[in-house]
Amino acid sequence: MVICKSIAALQEVINTQKQTNHTIGFVPSMGALHEGHIALIAASKQAGNFTVCSIFVNPTQFNNQEDFEKYPVSIEADIALLIHYRCDVLFLPSVSEMYPNNGLKLTKPYPLGALENVLEGQYRPGHFQGVCQIVERLLTIIHPHHLYMGSKDYQQFMVISFLLQFNPALSTIQLHLQPTVREQSGLAMSSRNRRLSDENLKKAAALYQSLLFVKAHILQFTIPELEHLVTQMLLKAGFEKVDYISIADANTLMSIASVQPNQPAVVLAAAYIQGVRLIDNLMLN
């Protein structure tokens, strides 16, 4: 595996591959890699792509400085994992490489519409603007043929899908949504899980169980009743705070009054345990 710390070095490697008609698959990450990331690498490799993974903890997408400072870093273990799973290139830039001249301020607004004001957008103001800023920069640098993302960050997937349509220069990139990889308990794999004690790691499985409860009882309760029931379930299971339980249209993330057979619906959740904010979602039909 080649490790590139500069944009120039990365582009030299990628251009060489493109000249020999290799397709480029890209997996962006913030490190602290787990099996969910590896599944994205595997999907890209299985499709025959020359595969690039980036590790960059992007400061502009954290609206909470403490969360940024506590984000887990395990670069040596990450490199070993990527080598083991035969990733072709790791892009490992510094903040100054991605944001030269201390250019951390948003240079242009991204018109995300209602997507920016619901769920994660509501509870993490400015988060998706920062996500768009760094993903657009990475995609402009690499310009892959294929981009791989996991389902756990479903709203982020929708935002990036919008970004690709919004920027004509990136519109040829194919975006692939891969299934959420879960622990045996059902808990969605996340870098943030590393901050939990063994006891709270077990308790956190209630987040996925609550989504399964919604799916199993979607026709037995009204949506407000279900959202209230699940919130109480999580608090009783040991979660300290629930930001949201939302049953929404899967294409818009707007809340719905009831689930219709021909309307794709999703339940999304965000809640805190041991001060760590976890998110998850589950398709309902």
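Two strands count as paired if DSSP finds at least two bridges between them. Strands here (E, at least two residues) and helices (H or I, at least four) are DSSP runs, numbered from the N terminus. With that in hand, here's a spot to look at: A248 stands opposite V266 in β8.

A quick note before the tour. This is a predicted model, where local features need pLDDT of at least 70 and side-chain atom pairs count only at pLDDT 80 or more, while totals for chains, interfaces and linings use all residues. Residues are numbered from 1 along each chain as its sequence is written, and side-chain values use heavy atoms, with hydrogens and water left out.

**Strands side by side**

- Strand β7 (residues 241-249) pairs with β8 in the antiparallel sense, over eight bridges.
- Strand β9 (residues 276-283) is also joined to β8 by eight bridges, and these two run antiparallel.
- β8 and β9 make a hairpin with two residues between them, and Q274 in the turn has a positive phi of about 55 degrees.
- Strand β8 (residues 265-273) is mostly covered, as eight of its nine residues are buried. Buried means under 20% relative accessible area, exposed means over 50%, and partly exposed is in between (1.4 Å probe, protein chains only).

**The nonpolar cores**

- A nonpolar core is a set of buried Ala, Val, Leu, Ile, Met, Phe, Trp, Tyr and Cys residues joined through side-chain atoms within 4.5 Å.
- In soluble globular proteins, nonpolar side chains tend to be buried together.
- The largest core has 45 residues, and those touching the most other members are L10, V52, M98, L139, I142, L253 and L268.
- Helix α7 (residues 127-142) gives the most to this core: nine residues.
- Another core lies apart from it, with 27 residues, among them L196, V242, A269 and A271.
- What does V52 touch, leaving aside neighbours within four places in sequence? Its contacts (heavy atoms within 4.5 Å) are L10, I14, I24, G25, F26, V27, C87, V89 and I142.

**Helix residues worth a click**

- E136 lies in helix α7. Is E136 buried or exposed? E136 counts as buried, because its relative accessibility is 8%.
- Beyond its neighbours within four places in sequence, E136 is in contact with K108, Y110, L163, N167 and L170.
- F166 belongs to helix α8 (residues 154-166), and F166 is partly exposed, with a relative accessible area of 34%.
- With neighbours within four places in sequence left aside, F166 is in contact with Y110 and P111.
- The C-alpha atoms of F166 and I279 are separated by 26 Å, and these residues are 113 apart along the chain.

**Positive phi in the loops**

- N21 sits in the loop between α1 (7-19) and β2 (24-29). Phi of N21 is near 65 degrees, a positive value in a residue other than glycine.
- N21 is exposed, since its relative accessible area is 70%.
- H143 is in the loop between α7 and β5 (146-150). Phi of H143 is near 40 degrees, again positive in a residue other than glycine.
- With 26% relative accessibility, H143 counts as partly exposed.
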